[in-house]
Amino acid sequence: FLMSWEDAREALKKNEEIKITFVGRKSKKKVSTPVWYVFENNSILLLPVSGSKTNWFKNVAVTPQIDIEVDSIKISGKCEILTNKKDVEYVVAKFKEKYGEEEIKKWYSGFDVAVRVRPALSK
């Protein structure tokens, strides 16, 4: 059962992690993985841990539609792939702000891409 982004707003503001579900580019099956994120301006910023080599990223680059789960609230989103250096640096800075520079250094490498998720238009 999908809810509106409005329903998820409070949960997105306070959580550290969300679960994203996407379609596998080869298997065509739905796959889920937990990810860190930053919520701002009614969009969710994602930073793939290994940049463009990250498995979930390769999948959403092919099928940019994802489902997001936060505090058992499910919402649907459309991914915009960010490859522009300035855009990616902006997302990296936001991640450092939320999680701390040390954590980002420890877990992330390959800062060549980022993803902005916006509400998917209702069918």
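1. Two strands are said to pair if DSSP finds at least two bridges between them. In this structure, which is a predicted model, strand β6 (residues 73-82) meets that condition with β7, the two pairing in the antiparallel sense over six bridges. Within this pairing, G77 has P119 in β7 as its bridge partner.

2. Strand β7 also has strand β4 (residues 43-46) as a partner, and here the two run antiparallel and are joined by three bridges. The residue that stands opposite V117 of β7 in this arrangement is I44, a residue that returns in the next two points.

3. Which residues does I44 touch, once its neighbours within four places in sequence are left aside? The contacts of I44 include W5, L12 and I18, then Y37, V38 and F39, then I68 and I75, and finally V115, R116 and V117.

4. Turning to the aromatic side chains, the structure holds five aromatic pairs. One of them is formed by W36 and Y99, whose rings are stacked, with 4.1 Å from centre to centre and 10° between the planes. This pair links distant parts of the chain, since W36 lies in strand β2 (residues 30-36) and Y99 in helix α3, 63 residues apart. Y99 counts as buried because its relative accessibility is 10%, and the cut-off for buried is under 20%.

5. W36 takes part in a further aromatic pair, this one with Y108, and the geometry is tilted, at 6.1 Å centre to centre with 40° between the planes. Here too the pair links distant parts of the chain, as W36 belongs to strand β2 while Y108 is in the loop between α4 (101-107) and β7 (114-119), 72 residues apart. With a relative accessible area of 7%, Y108 is therefore buried.

6. Seen together, W36, F95, Y99 and Y108 are linked by ring pairs into a cluster.

7. A last point concerns a charge and a ring: the charged end of K98 sits over the ring of Y37, at 3.8 Å from its centre.

How values were computed
Residues numbered from 1 in each chain as written. Predicted model: local features only at pLDDT ≥ 70, side-chain atom pairs only at ≥ 80, totals over all residues. Heavy atoms only, no water. Contact = heavy atoms within 4.5 Å. Phe/Tyr/Trp six-rings, centres within 6.5 Å; stacked < 30°, edge-to-face > 60°. Helix = DSSP H or I, 4+ residues; strand = E, 2+ residues; numbered from the N terminus. Buried < 20%, exposed > 50% of the residue type's maximum accessible area, 1.4 Å probe, protein only. Lys NZ or Arg CZ within 6 Å of the ring centre and 35° of its normal.
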